[in-house]
Amino acid sequence: MAAIDTRDIERQVAQLAATLFAQFSQTAISDGKAFLAEVQGDLIEATEEHARGEITDLEFQEAKKDLRAEAKMEKLKQEGLAQVSLDKFTAGIIDIVTTAALAAIK
Amino acid sequence: MHFNLYSYQKHLPWIAPIILTVLSACSTITAYDQYAYATAVGLKVDTLNLVGLATESYASHAKEVADLTVRLDKAYEYDRGRPLNQKSVQLWDYLLFTKSDDPDSGVFPRFVQTWKTQGHLSAGAVALKKSTFSRDFDRIIGLESGKIKPNSVN
């Protein structure tokens, strides 16, 4: 049986980590920017409509609660996607090590 | 026990299966589920349709509200029954249930309560609610579609 190339495993794992976590942080940053823009737009709209008397006090209070709720839900979604990235990383390590082990057996 | 590179390579053939077994048991979140995804997409459409009716009297749409509430509860219970699915359940929780320590929670029941209290909503409030619900459902849908598809790694 040939020796397992541990240096190659380390290189592939490092590459996998760099790719996966860079993808995750890019997506999180762009989601965060989109979230801020949308919430800011809705808050301005709600405030202006309330000032013009087009929505009631209760509706305005509800709109503010909804926007705060969105921030908490966005955080939950990002936490979930971070877990997915971690699981992809784990699965990737299994794939790399298995491939290296099989190559050594040949 | 000290491992130099040689002993590391020597022991890897028997250590690797153990490591792989431990790693493969270390999933932190459940895999993608087509039914959960399709249900959330369908409920998004139904909820936005119902919200669009809120400029009319609550009494004339009370049955639709009750029907949709049951379907939302079913989707919640389905997701709650999936192992390692806490984040999706917490998203549904936030949408469907008002917690005493968090007045911002329960986006759907707060909407229904406002509709009941006022009898109907203004057009501006309906537009804002639609935009909020749309994004809230997109978060549930986005998390589901982001999960690892069965039989895929990347």
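What percentage of the 106 residues of chain A count as buried? The share is 23%, where a buried residue has 20 or more other C-beta atoms within 10 Å of its own, the C-beta atoms being placed from the backbone.

## Basis of the model

This is a predicted model, in which local features need pLDDT of at least 70, side-chain atom pairs count only at pLDDT 80 or more, and totals for chains, interfaces and linings use all residues. Residues are numbered from 1 along each chain as its sequence is written, while chains are lettered from A and ligands numbered from 1 in the order in which they are written.

## Chain A

Chain A has two helices and zero strands (DSSP runs numbered from the N terminus: H or I of at least four residues for helices, E of at least two for strands). Its radius of gyration, taken over C-alpha atoms, is 24 Å, well over the 13 Å of the globule rule (2.2 Å times the number of residues to the power 0.38), so chain A is more spread out than a compact globule. The C-alpha trace of chain A spans about 80 × 15 × 15 Å along its principal axes.

## Nonpolar core

The largest nonpolar core has 31 residues (buried Ala, Val, Leu, Ile, Met, Phe, Trp, Tyr and Cys joined through C-beta atoms within 7 Å). H6(B) supplies the largest share of this core, seven residues. B:Val51 is among the residues with the most contacts inside the core. Beyond its neighbours within four places in sequence, B:Val51 is in contact with residues including B:Phe111 and B:Phe133.

Key. Buried ≥ 20, exposed ≤ 12 C-beta atoms within 10 Å, placed from the backbone. Contact = placed C-beta atoms within 7 Å.
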